[in-house]
Amino acid sequence: MRTPVCESLGIEYPIFAFSHCGDVVAAVSRAGGMGVLGAVAFSPEELERELDRIEKNAGGKPYGVDVVIPAAYVGKEEGDLEKLDLEKLVPEEHRRFLEQLLEKYDVPPLPEGVAGVESLLGWSDTMGRALIDVAMSYPIKLLANALGPPPADVIDRAHAAGVQVAALVGRADQAVKQKDAGVDIIVAAGYEAGGHTGEVSTLVLVPEVVDAVAPLPVLAAGGIGSGRQMAAAMALGAQGVWAGSLWLATHENDWQPMMKERLLAATSSDTVRTRCITGKPARMLRNEFSDAWDSPESPGALPMPLQYLATAEPQQRIRTAVLAGNESAAALTVTPVGQIVGSMNQLRATRQVMSEMINEYLDTVERLAGGMEEREG
Ligand SMILES: Cc1cc2nc3c(=O)[nH]c(=O)nc-3n(C[C@H](O)[C@H](O)[C@H](O)COP(=O)(O)O)c2cc1C
């Protein structure tokens with residue numbers, strides 16, 4: 001099961017776990033995989049706290065950090081987004097639409113004393129770099145970037161520190177660009193993936209990307225939830241798998257119990273690929289929020305990062321209302337997840353998810369090899 005990418009990163013199993021939750025990251029790394037912490041929603045101080053936690057709990061095993069420096073977004077040419085008055089670029093029509101939606105579901109304004117969303121968090125070059133500064137002050141082994149090649153100086157900096165760079169792609173031509181930029185590991189994320197995703201299915205995308213960037217290692221992402229799916233990914237030429245949704249249904253994941261219940265109840269037909277979260281297509285559980293943005297009354301999603309900017313505070317109000325027991329507000333909560341959610345039917349310990357995937361992978365490979373032997377015999 002060990003592939004060259006395991007050797008180069010010092011891990012036992014080629015299972016990569018994207019999670020925003022440090023406890024999941026530490027548990028996967030401890031179990032022999034590679035936990036990768038999604039940093040986009042953290043401030044630099046929060047990221048530091050989460051990395052301290054991982055350092056304490058990962059048992060000295062390798063782990064990584066994932067940031068989002070999009071190759072294209074409104075305001076990128078102008079430089080520091082924090083200094084631009086992006087708020088002014090959010091049309092009144094969008095604000096009104098959101099306000100009416102929240103009113104319909106009885107979502108009140110933020111209670112006094114609860115601070116609003118202060119910044120664009122990680123969705124920009126400036127903020128992404130601030131997070132990278134923090135990440136690079138820890139002994140990480142992998143730095144991943146979504147939505148385009150990481151800037152050249154970021155790649156050089158990582159390499160100088162002995163850190164490998166991974167990047168997510170949804171098309172083979174994007175993978176070639178990443179290879180040319182000097183990225184070490186390509187994560188090919190298919191249509192069925194949770195979060196930002198392209199239009200090509202994992203089954204078609206992975207071999208295309210493997211062929212396009214050989215001999216660079218490719219990890220298959222999108223729809224990986226079991227050892228059988230892992231074996232399929234390896235059969236396509238991947239050196240490992242990168243899963244994101246799977247870890248949401250674990251005891252370690254810090255999501256509210258009500259959101260976990262929704263995941264357990266959902267089928268593989270219950271997700272939608274929508275621009276309503278960030279302005280770029282991303283997959284989430286279909287709900288009243290995504291339906292509203294798809295409805296004829298919708299003003300249409302804004303380009304990144306304006307859509308996130310427009311919806312960040314409303315989403316914070318929704319979360320606050322849900323926490324206060326407002327059940328109707330729960331229908332509007334953004335829950336990014338992939339189609340594999342249909343197979344996520346029970347909460348498990350992260351360690352158990354790892355061991356079940358490994359065992360089923362080994363059984364599958366044996367079953368396939370047995371079939372071959374029978375044919376030959
Ligand atoms: C809740 C959630 C949040 C995500 N956020 C990010 C992110 O911030 N950065 C990133 O590179 N990928 C993100 N992703 C995508 C994952 O890295 C990965 O590509 C995807 O989950 C793989 O498909 P799967 O969901 O079928 O496992 C996210 C996925 C989920 C489910």
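These legends describe close-up views of a predicted model.

View 1. The domain assignment gives domain 1 (1–73 + 123–253) and domain 2 (85–116 + 255–346). Their C-alpha centres lie 25 Å apart. Domain 1 puts 22 residues into the contact, and domain 2 puts in 20 residues. On the side of domain 1 that touches domain 2, nine residues are nonpolar, 12 are polar and one is charged.

**View 2. Helix H2 against helix H3.** H2 spans residues 22–30, and H3 spans residues 44–57. The axes of H2 and H3 come within 9 Å and cross at roughly 30°. The two helices are therefore roughly parallel to each other. Their crossing is right-handed. H2 makes the contact with Gly 22, Asp 23, Val 25 and Ala 26, while H3 uses Glu 50, Arg 53, Ile 54 and Asn 57. Three of the residues in the contact of H2 with H3 are nonpolar, two are polar and three are charged.

**View 3. Helix H3 against helix H5.** H3 (residues 44–57) packs on H5 (residues 125–135) at an angle of about 30°, with the axes 9 Å apart. That makes H3 roughly parallel to H5. The crossing of H3 and H5 is right-handed. On the H3 side, the contact is made by Pro 44, Leu 47 and Glu 48. On the H5 side, Ala 130, Leu 131, Val 134 and Ala 135 take part. The contact of H3 with H5 has six nonpolar residues, no polar ones and one charged residue.

**View 4. Helix H7 against helix H8.** H7 covers residues 172–181, and H8 covers residues 202–213. Their axes come within 9 Å and cross at roughly 35°. The crossing of H7 and H8 is right-handed. Ala 172, Ala 175, Val 176 and Lys 179 of H7 meet Glu 208, Val 209, Ala 212 and Val 213 of H8. The residues of this contact are six nonpolar, no polar and two charged.

**View 5. Two cis peptide bonds, each in a loop.** Most peptide bonds are trans. Ala 214 and Pro 215, however, are joined by a cis peptide bond, with omega about 5°. Pro 215 sits in the loop between H8 and strand S8 (218–221). Met 304 and Pro 305 are also joined by a cis peptide bond, with omega about 5°. Pro 305 is placed in the loop between helix H11 (288–294) and helix H12 (306–323).

**View 6. A positive phi at Asp 106.** Most residues other than glycine have a negative phi. Asp 106 has a positive phi, near 60°, and is not a glycine. Asp 106 is found in the loop between helix H4 (92–104) and H5.

Technical notes. Residues numbered from 1 in each chain as written. Predicted model: local features only at pLDDT ≥ 70, side-chain atom pairs only at ≥ 80, totals over all residues. Axes fitted to C-alpha atoms, helices over the stretch in contact; angles between N-to-C directions. Helix = DSSP H or I, 4+ residues; strand = E, 2+ residues; numbered from the N terminus. Left-handed = near helix turned anticlockwise from the far one by under 90°. Contact = placed C-beta atoms within 7 Å. Nonpolar A, V, L, I, M, F, W, Y, C, P; charged D, E, K, R; others polar. Parallel < 35°, antiparallel > 145°, perpendicular 65-115°, else oblique. Domains from an automatic or database assignment.
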